[in-house]
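Colleague: Could we go through this model together? I'd like to start with the overall fold and then look at a helix pair.

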Amino acid sequence: TTTGVHRLKEMSAKGTLLFRAINVNDSVTKNKFDNLYGCRESLVDGIKRATDVMIAGKVAVVAGYGDVGKGSAQALRALSAQVWVTEIDPINALQAAMEGYKVVTMEYAADKADIFVTTTGNRDVITFEHMKAMKDQAIVCNIGHFDNEIQVAKLEEHCQWEEIKPQVDHVIFPDGKRIILLAKGRLVNLGCGTGHPSFVMSSSFANQTIAQIELFTHSDYYENGKVYVLPKHLDEKVARLHLTKVGAMLTELTDEQAAYIGVPKQGPYKPDTYRY
């Protein structure tokens with residue numbers, strides 16, 4: 001995961017990583033598929049199973065507009081929610097604006113929105129103060145990483161809890177207002193649903209399997225204590241393996257076309273700097 005890779009890189013920089021590692025998360029066929037298309041399907045599945053809420057007409061806030069946020073925002077908009085996005089990165093914020101989302105702060109959105117989803121991989125994204133300001137029966141959930149994206153510990157300290165059903169809680173504030181917290185702030189698609197569809201996970205798991213084979217068969221290419229990404233020709237191999245299942249037909253370059261753009265006929269087709 002994105003968070004796991006942060007930890008590996010920290011360990012590598014400190015010299016405490018004792019083995020060679022391949023960062024599968026940054027394979028294109030992982031983060032542009034599992035993170036984006038997986039969350040696009042499993043987020044609303046988890047919210048619907050938990051609450052049966054009508055999403056059309058609601059204001060939904062997606063905190064973060066990385067790949068997870070992009071998929072989440074698409075899914076909520078597809079069900080006709082009015083989607084707002086919060087972001088700290090100006091590039092992601094501009095992307096969201098250019099896709100037609102309203103880019104706001106959590107402070108602005110807290111007392112106005114109906115559904116809140118954190119997708120950031122950071123802590124304290126929705127604070128106790130934000131939740132104090134929310135409407136009665138606002139739905140709050142996380143699909144980013146740990147439960148500290150939402151200040152759940154402060155809710156436990158200051159509020160009463162009433163379980164509606166497993167993984168769905170009313171959190172009752174001292175003034176009697178209630179919010180609906182899903183999966184106790186942990187990953188809503190896993191806590192309240194069954195996670196991503198198996199097809200998109202096949203893409204992620206193929207990366208993991210191929211990475212293990214690569215480390216085993218070419219261990220001399222990789223140094224202990226360093227974190228690598230899967231070579232691009234293997235990233236492309238994962239995509240090729242999945243094309244048949246979706247009935248896709250891949251066009252093949254002619255020798256002349258391959259020479260013209262300066263790539264091998266069988267790939268890899270893009271430089272490492274290319275952003276898909």
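Colleague: What share of the contacts in the protein with a separation of 6 or more comes from residues 24 or more positions apart?

Modeller: Residues 24 or more positions apart make up 63% of those contacts, where contact means heavy atoms within 4.5 Å. This is a predicted model, in which local features need pLDDT of at least 70 and side-chain atom pairs count only at pLDDT 80 or more, while totals for chains, interfaces and linings use all residues. Residues are numbered from 1 along each chain as its sequence is written, and side-chain values use heavy atoms, with hydrogens and water left out.

Colleague: And how many of the residues are buried, as a percentage?

Modeller: Of the 276 residues, 44% count as buried, that is, under 20% relative accessible area with a 1.4 Å probe, protein chains only.

Colleague: Switching to helices, how do helix 10 and helix 11 cross?

Modeller: The axes of helix 10 (residues 198–217) and helix 11 (residues 232–243) come within 10 Å and cross at roughly 140 degrees, with axes being lines fitted to C-alpha atoms over the stretch in contact and angles running from 0 to 180 degrees between N-to-C directions. Helices here are DSSP runs of H or I with at least four residues, numbered from the N terminus.

Colleague: Which residues make that contact?

Modeller: Helix 10 contributes F199, S202, S203, A206, N207, I210 and E214, and helix 11 contributes L234, D235, K237, V238, L241 and H242.

Definitions and conventions
Helix = DSSP H or I, 4+ residues; strand = E, 2+ residues; numbered from the N terminus. Buried < 20%, exposed > 50% of the residue type's maximum accessible area, 1.4 Å probe, protein only.
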